Amino acid sequence: METLILKGSQLDKAAEFIRQGELVAFPTETVYGLGADATNEAAVKKVYAAKGRPSDNPLIVTVSNIAMVEKYTEPFSDEAKALMKKFWPGSLTMIFKLKPNALSKTVTGGLNTAAFRFPNNQMTLDLISKAGVPIVGPSANTSGKPSPTTAQHVYHDLNGKIAAIVDDGPTSVGVESTILDMSVTTPSILRPGAVTKEDVEAVIHRPVIDELHHVGAKQTPKAPGMKYKHYAPNAQVYIVDPDDDWHDVVAWIQKNPQPTGVMAFDDVVKSISWPDNVDVISLGKNAASAAHDLFAELRDFDNHPAYKIIFTQGISPEGIGEAYMNRLNKSAGQMHFNQL
Ligand code: TXA
Ligand code: MG
């Protein structure tokens with residue numbers, strides 16, 4: 001059945017679908033999520049099926065108020081309370097210890113913790129309040145593909161597999177939320193996002209572990225979802241590092257003529273005379289615009305199957321630049337121009 005695209009004025013219909021155990025994609029400030037009643041095991045199972053998601057990968061629980069979290073978790077620490085006050089609603093997802101059997105194994109993947117997110121999007125907060133239950137909310141893409149930043153991206157991947165999509169236009173951040181594990185002695189960032197390690201440390205006044213970079217970082221990431229090849233378009237992506245010369249990239253393209261994509265910042269786009277077989281898309285001026293555009297541009301290239309290779313500009317991993325580089329590395333499978 002054709003998936004309905006709903007407007008903000010049709011939230012009652014969307015909430016009814018959720019209560020009936022149907023799937024509804026919803027907007028957030030980061031990327032679109034795939035919603036189902038988190039307390040309805042059959043509904044949650046449909047989420048894995050629609051995305052083609054491995055069943056050992058736990059889901060984020062999306063809420064519209066703090067009481068919805070408290071119902072399932074052990075009492076919050078003062079640090080957790082301070083972080084909620086500062087960053088909720090917003091792009092910080094926090095992992096807490098659960099009360100025994102508080103949520104089904106389908107949601108938690110059998111862990112005694114769960115990740116909670118309070119997104120900064122009024123339509124979705126209203127949807128959850130109307131449904132009266134928290135909703136699971138993985139990104140609303142086919143597993144392995146770039147996360148969706150518009151309702152059209154969701155439609156492309158999931159039309160016919162879900163009841164509806166609530167459309168609130170393009171998302172503002174463009175990469176998924178920061179995941180902070182608050183269930184351990186030293187809070188630890190499992191996935192970088194718009195809220196940085198420094199932002200968290202400024203609130204809790206002690207060092208936080210960056211799980212991706214600390215000494216002795218494990219091969220198997222603690223957030224199960226981080227181990228999969230992710231965000232990959234059909235073409236092979238190569239990262240052009242800050243110390244690479246774009247004239248060398250152009251020389252390589254001229255020696256290896258084929259339809260080629262380039263994603264680079266405004267100054268690079270303007271300063272190079274590009275060969276005819278190159279399709280150049282700008283990442284804007286800074287890390288925030290690059291994070292905002294990355295997934296949408298990777299999907300754009302997928303609409304033109306002729307492209308076999310995409311060169312994408314790398315930056316230093318600071319601020320939201322860390323989240324951008326994390327997602328770019330995954331979409332490139334760690335391949336760099338200097339390996340060609
Ligand atoms: O911005 C976001 O967080 C988006 C929007 C839609 O809210 N959601 C999102 O969900 O990115 P998803 O499922 O694509 O990514 C959730 C990540 C996965 O890597 C998963 O393994 C990890 O969070 N995760 C979930 N629960 C966990 C837990 N209890 N312990 C460790 N990692 C967990
Ligand atoms: Mg995802």
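Which residues does UniProt place under the feature "binding site"? The record, an unreviewed entry, gives Arg53, Asn57, Thr113, Ser139, Ser147, Arg191 and Tyr231; UniProt positions follow the numbering used here, feature names are shortened, and annotations may be inferred rather than shown by experiment. These residues are spread over 179 residues of sequence, and in space they reach up to 25.6 Å between C-alpha atoms. The model is a predicted one, in which local features need pLDDT of at least 70 and side-chain atom pairs count only at pLDDT 80 or more, while totals for chains, interfaces and linings use all residues. Residues are numbered from 1 along each chain as its sequence is written, with chains lettered from A and ligands numbered from 1 in the order in which they are written.

First, the overall picture. The protein chain holds 12 helices and 15 strands, taken as DSSP runs (H or I, at least four residues, for helices; E, at least two, for strands) and numbered from the N terminus. Its radius of gyration is 20 Å, close to the 20 Å that the globule rule gives for 340 residues, so the chain is as compact as a globular protein of that length. That radius is taken over C-alpha atoms, and the rule is 2.2 Å times the number of residues to the power 0.38. Along the principal axes, the C-alpha trace spans about 60 × 50 × 30 Å. Of the contacts with a separation of 6 or more, 69% link residues 24 or more positions apart; a contact here is a pair of C-beta atoms, placed from the backbone, that lie within 7 Å.

In one, 11 strands form an open sheet with mixed pairing, in the order 1-8-2-3-7-4-6-5-9-10-11, where two strands pair if DSSP finds at least two bridges between them. Strand 1 (4-6) and strand 11 are the edge strands, each pairing on one side only. Strand 6 (residues 113-117) is mostly covered, with 4 of its 5 residues buried. Strand 4 (residues 60-62) pairs with strand 6 in the parallel sense over 3 bridges, and Thr62 has Arg117 as its bridge partner there. Strand 5 (residues 92-97), by contrast, runs antiparallel to strand 6 and is joined to it by 4 bridges, with Phe96 opposite Ala114. Further along, strand 10 and strand 11 are parallel and share 2 bridges; Ile189 is partnered with Asp210 in strand 11.

Arg191 sits in strand 10 (residues 188-191) and counts as buried, with 23 C-beta neighbours inside 10 Å. Tyr231 lies in the loop between strand 11 (209-210) and strand 12, and is buried with 25 other C-beta atoms within 10 Å. Leaving aside residues up to four places away in sequence, Tyr231 touches Pro146, Ser147, Phe295, Leu298, Arg327, Lys330 and Ser331. UniProt also lists residues 8-195 as "domain: YrdC-like", again from an unreviewed entry. Over that stretch the chain is 30% helix and 19% strand, and the end C-alpha atoms are 27 Å apart.

The other sheet is an open one of 4 strands in the order 12-15-13-14, with parallel pairing. Strand 12 (236-240) and strand 14 (278-282) stand at its edges with a single partner strand each, so one side of each has no neighbour in the sheet. From one strand to the next, the twist averages 20°, with axes fitted as lines to C-alpha atoms (for helices over the stretch in contact) and angles running from 0 to 180 degrees between N-to-C directions. Strand 13 (residues 260-264) and strand 14 run parallel and are joined by 5 bridges; Thr260 is partnered with Val278.

Helix 12 (residues 320-331) has 10 of its 12 residues buried, so it is largely enclosed by the rest of the structure. The buried set includes Ile320, Tyr324, Met325, Arg327 and Leu328. These buried residues of helix 12 pack against strand 12, helix 11 (287-302) and strand 15 (309-313). Just after helix 12, Gly333 takes a positive phi of about 55°.

Conventions: Two residues are in contact if their C-beta atoms, placed from the backbone, lie within 7 Å. A residue is buried if 20 or more other C-beta atoms lie within 10 Å of its own, exposed if 12 or fewer, and partly exposed in between; C-beta atoms are placed from the backbone.
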